[in-house]
Amino acid sequence: MHMRTFDLFEHATMGYKAVKRGFSWPAFFVTVFWAFAMRLWQPGIIGLSLVVIIVSVPGLAEFEQRSFGNYGLGLVIGLLFGFKGNEWKREGLEARGWHHAATVEASNASEAIALKGQKHDV
């Protein structure tokens with residue numbers, strides 16, 4: 001099984017959460033919905049605003065062979081969310097009272113949380 005690096009966050013009343021380092025596929029595919037689900041209001045509102053602009057500005061919403069079009073802009077937004085998503089998630093947890101407890105190598109988030117007592121900082 002492929003090992004990934006996870007940052008473990010601890011909250012006094014809510015336990016532990018694991019956030020993978022690196023690219024976030026859920027953030028890439030469902031950008032704005034993912035941001036709101038993760039309680040990341042600022043990226044969600046900015047992403048939603050960009051989507052509204054893409055749809056409402058004449059010419060951007062129409063795919064033309066020689067223009068970047070909404071497909072290209074949508075891809076750029078998806079890549080931004082994919083590359084920055086887990087970083088934003090870590091920052092959001094810290095802003096809501098979670099603190100970084102450890103960094104561990106694990107195959108998935110559940111395994112990372114199970115390793116919480118071992119606290120292997122990578």
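**Notes on a predicted α/β chain**

1. Let's start with the layout: read along the sequence, the protein chain goes β-β-α-α-α-α-β-α. That makes five helices and three strands, where helices (H or I, at least four residues) and strands (E, at least two) are DSSP runs numbered from the N terminus.

2. Keep in mind that this is a predicted model, in which local features need pLDDT of at least 70 and side-chain atom pairs count only at pLDDT 80 or more, while totals for chains, interfaces and linings use all residues. Residues are numbered from 1 along each chain as its sequence is written, and side-chain values use heavy atoms, with hydrogens and water left out.

3. Now the strands. Strand 1 (residues 4–11) pairs with strand 2 (residues 15–20) in the antiparallel sense over six bridges; two strands count as paired if DSSP finds at least two bridges between them. A hairpin of three residues links strand 1 to strand 2, and Phe-9 has Lys-17 in strand 2 as its bridge partner. Strand 1 also runs antiparallel to strand 3 (residues 99–106), with seven bridges joining them. There, Leu-8 stands opposite Ala-102.

4. Strand 1 is largely enclosed by the rest of the structure, because six of its eight residues are buried. Buried means under 20% relative accessible area, exposed over 50%, and partly exposed in between (1.4 Å probe, protein chains only). Over the protein chain, buried residues make up 34% of the 122 residues.

5. Have a look at helix 3 (residues 41–56). Pro-43, Gly-44, Gly-47 and Ile-54 are buried in this helix. Seen down the axis of helix 3, the buried residues fall within an arc of 100° (taken from the directions from the helix axis to the C-beta atoms), so they line one face of the helix. Gln-42, Ile-45 and Ser-56 are exposed on the other side of helix 3.

6. Finally, the largest pocket holds about 200 Å³ of space, a volume being the space filled by probe spheres set on grid points joined across faces, edges and corners. Its lining has 13 residues, and Phe-29, Thr-31, Val-51, Gly-74 and Ile-77 are the closest to its centre. On a 1 Å grid over the protein atoms alone, a pocket is an open set of points where a 1.4 Å probe fits, with protein on both sides within 12 Å along at least five of seven lines; lining residues have an atom within 4 Å of a point. Helix 4 (69–95) gives the most to this lining, with four residues.
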